[in-house]
Amino acid sequence: EDDVSIMEPSPKPTNPPPPAPKAEDYPRYTWSRDVEKVMHDMFKLNAFRKNQREAIDATLDGRDVFVLMPTGGGKSVCYQIPACVDLGKTRGVSIIVSPLLSLIQDQVQHLVSRDIPSYAYSGATALPDKRAIQDDLRRPKPVTRLLYVTPEMLGQSGAFKDILQQLHAKSQLARFVVDEAHCVSQWGHDFRPDYTNLGQLRDEFPGVPFMALTATANERVKTDIKSSLKMRGCVELKSSFNRKNLFYEIKPKHGKQVYADIQKLINSKFKGQTGIIYCSSKRSCEDVASKLKQEYGLPAQHYHAGLSREDRTKIQLNWQKNRFLIICATVAFGMGIDKPDVRFVIHFSLPQSLEGYYQETGRAGRDGEHSHCVLYFAYKDTTTINFLIDNGDGTHEQKATQRSNLRQVVQFCLNKTDCRRTQVLNYFGEQFDPRKCHKTCDNCFEGVGTEKQDVTEESKNAVSLVKEVFKDGVTMLHCVDAFKGSGAARIRDKGHDKIPSFAKGSHMEKGDVERLFQLLWTEQVLGERYEQNKQGFTNAYIKLGSQYQQVLNGKKKIFMTVGKMSQRKTNGGSGVGARTSRKSRQEETDEEEIDSDDDHDESFVQSTAK
Ligand code: ADP
Ligand code: MG
Ligand code: ZN
């Protein structure tokens, strides 16, 4: 199976990849002057960004190129410019594979407005248009520079394949470009089965160079793309994934307060500006948008895959033209949408992976201007996501990957010490010196005088407590309260105020106790099991995790930042609220109104606000 083949080492290149040409060597190629001219005159750009020129030269040199650049980094020109450079005899048509029709249309429009002969060719193309395109491609020297296709066009045999073969025969097939190349990979966040067959083109059209572009730097995905597209010894160009102009921030999300928080944030910092609010489900998009609009007077509108195609196009267009400003969307929204002036991206719920988080936040500030990324973190949102994973149709392995992706996200949210950039970029395999952040993330901004502390002793006590009570079917919140020494009836009723580890954490801030339990969960020292009751609510019950022995016997040490939450008293905690959620079909996860246990949020806010 696919899962297995990915685990195998990728084939070794027969030759070491040729070094990428360096900027000092210019003008170095016969086409260098031409490239400059196309950049200035046709694309109206003043200078190349890092790696753009290198990518252009490598592909014009007939090599395979792999371009890794963050979202908004400027991948398009890496293939659009070479497609327009006249190489005399070798001039030909570039075939661009792109996953979404909306994305294709956006780009074709852009190019046509610059008088660059470009077309979209897909199942949706009208027959007369198809004919016109075919007629041009059949000429000895077609006028078409860029031909955008959806991947399924290349999977089919028939008229289109014949035309490609003719182009190839007359040396007019310049290159294959695979944009959003992570769609090839099952490990990517946006797998498209049609992408997996693109490697066949290698065999069908020998000698035609490939260019693959993606904003996904994950090693596993990268290896997967290269082997799937049979790219060997290619020039690999990787730009830093740091987005200097974005400010990253994780905020606690509790109860309905979050709407007021969003309102305050937008009205104080982004009034009259454009943003995206990512929600975890269609239902949540609608709820959030209508609440913000009706109760908080914000110009918001929902967008998700459940809407008709016309509605989606209309909403997208209206947003792009600033007819309304705030779009509440599922992650389905955004790929390839080039709206340069998105000033904020808000995650209303947890992203599914760090990779997803980075892609989604990456849609802010493409124009290079300062923009803000806020994630509202509530631990209880993990219950919903875990439930979706458990009940999803993934294989056992895929579910394990999804769970570990989620744990990484939670860990990221809980890490109040390390620079956000360092955390995410490290995940992408890039070293990042936190001094270069210049206080443009919450942790660097606020990070005075907080240190990681050894909380191994506290962890042992917490684990002992869980060991004593988990068989009684209790929630994590119950354990937090018992550890803190709460006198609540719930705890007395179960006799948990009599157990040896009761109140062992009474000296700690409640927020810190919560974070300790969450941390132990992400470290797999504690775990949870999910059960649905008759009303269709999912309850999450605490259990011991696979690592609990290691903590008890002292083999595993636990470190946590302590004290920071107490500095941010007004913010309250990270909201380990009621841990129930309504029965969820994929589309129907829910946020706030399901709190059956509202008093906890309140008691928590009080305890940290004193
Ligand atoms: P990506 O596909 O990597 O997400 P795009 O190709 O859509 O990014 O480009 C993002 C934005 O950057 C676009 O608005 C584009 O015009 C702009 N851009 C790209 N290259 C340059 C450059 N060299 N100078 C100035 N702007 C650029
Ligand atoms: Mg792009
Ligand atoms: Zn930082």
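Strand S2 (residues 93–97) and strand S5 (residues 173–178) run parallel and are joined by 5 bridges. Within S5, Val 178 is the bridge partner of Val 97. Helices (H or I, at least four residues) and strands (E, at least two) are DSSP runs, numbered from the N terminus, and two strands pair if DSSP finds at least two bridges between them.

A word on provenance. This is a predicted model, in which local features need pLDDT of at least 70 and side-chain atom pairs count only at pLDDT 80 or more, while totals for chains, interfaces and linings use all residues. Residues are numbered from 1 along each chain as its sequence is written, and chains are lettered from A and ligands numbered from 1 in the order in which they are written.

S2 and S5 belong to an open sheet of 7 strands, in the order S3-S4-S2-S5-S6-S1-S7, with parallel pairing. Strand S3 (118–121) and strand S7 (235–238) are at the edges with a single partner strand each, so one side of each has no neighbour in the sheet. On average, neighbouring strands here are turned by 15° against each other, direction ignored. Axes are lines fitted to C-alpha atoms, for helices over the stretch in contact, and angles run from 0 to 180 degrees between N-to-C directions. Helix H5 (residues 101–113) lies across S3 and strand S4 (146–149), and runs at about 160° to S3. Contact requires C-beta atoms, placed from the backbone, within 7 Å.

**The six-stranded sheet**

Another open sheet has 6 strands in the order S8-S13-S12-S9-S11-S10, again with parallel pairing. Which strands stand at its edges? They are S8 (246–252) and S10 (300–303); each has a single partner strand, so one side of each is left without a neighbour. S8 is joined to strand S13 (residues 371–377) by 7 bridges, and Tyr 248 has Cys 373 as its bridge partner in S13.

Helix H20 (residues 476–484) packs against helix H22 (residues 510–522) at about 130°, the axes being 10 Å apart. H20 is therefore oblique to H22 (under 35 degrees counts as roughly parallel, over 145 as roughly antiparallel, 65 to 115 as roughly perpendicular, the rest as oblique). Among the contact residues are Phe 483 of H20 and Phe 517 of H22.

Key
Contact = placed C-beta atoms within 7 Å.
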